[in-house]
Amino acid sequence: MNKTAIWPILLALGQLTSTSRAQSQEDIAKQFAGLWRLVSNPQRLVDGTTREGSNNVGYAFFNANAGHMCFLSMNPNRPQWKSEAMPTPEEGLSAIKGFGAYCATIEIHANEGFMIRHYEINQTPNAVGRTTKRWYTFQGTDRMSLRVDASELNQPVVESTFVWERVVK
C-alpha cells in the first residue's frame, strides 16, 4: 500500500495529525495565528479518573508570525462580591485564584511538535522570566490541542490538555 492510500486510514484511526507531517516553523506559525476560544481543559488524575479544569473559560491570541501570545482564563463559578468597592479578603483571593493571565514570546519546534513559552507578563510574579513547554496538535484549521508537559504537572493531575477552537466571528 502506498503512502497516499494509507493517510486516510491513519487519520480515521487518530494516529496522524497535522503535526505528524513535516511542516516548517512558518507553516505552524500560520496555523497558530489568530484568536482561539477555550473549549475544554480535560485533566487525567493519578487514579485514572478525569475532570474538567476549573478555569475553563478562556481565550488565547497568537500574533501573525506566532512570535508572541497572550492568554486569559477564568473560573466561571467564582463567587460574586457582596461589594465591588470593598471585597472581603476571601472574595479577593477567590477572584485571583479563579483567573489566569500571561503574555509570552514563543518558540515553535515544528519537527518535535511543541512550543516553548517565555513569560514576559504573568499573574504569578514568580513565573515572569520562566519558560514552559506545550505539545500542540491541530485537528483541521480551526481546532487545536495544547498538552501541558508532564514535568510541569502537580499530582493528582498527570495529564492536562487545553482544547481550543478558532474564533471566526
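Please keep in mind that the structure before you is a predicted model.

Strand β8 covers residues 131-138, and its side chains alternate. Thr 132, Arg 134, Tyr 136 and Phe 138 point to one face and are buried.

Strand β7, residues 114-122, pairs with β8 in the antiparallel sense over 5 bridges. Here Lys 133 of β8 stands opposite Ile 116. Strand β9, residues 143-148, also pairs with β8 in the antiparallel sense, over 5 bridges. In this pairing, Arg 134 has Val 148 of β9 as its bridge partner. β8 and β9 form a hairpin with 4 residues between the strands, and in that hairpin Gly 140 takes a positive phi near 80°.

I come now to the largest pocket. How much space lies in it? The value is about 1000 Å³. The pocket is lined by 37 residues, and those closest to its centre are Phe 71, Tyr 119, Arg 134, Val 148 and Phe 162. Among the elements that give two or more residues to the lining are β7, β8 and β9, together with helix α3 (89-97) and strand β10 (157-166). By residue class, the lining divides into 18 nonpolar, 13 polar and 6 charged residues.

Definitions and conventions: Residues numbered from 1 in each chain as written. Predicted model: local features only at pLDDT ≥ 70, side-chain atom pairs only at ≥ 80, totals over all residues. Heavy atoms only, no water. Buried < 20%, exposed > 50% of the residue type's maximum accessible area, 1.4 Å probe, protein only. Pairing = 2+ DSSP bridges. 1 Å grid on protein atoms, 1.4 Å probe; cavity = no way out; pocket = protein on both sides within 12 Å on 5 of 7 lines; lining within 4 Å. Points joined across faces, edges and corners; volume = space filled by probe spheres on them. Nonpolar A, V, L, I, M, F, W, Y, C, P; charged D, E, K, R; others polar.
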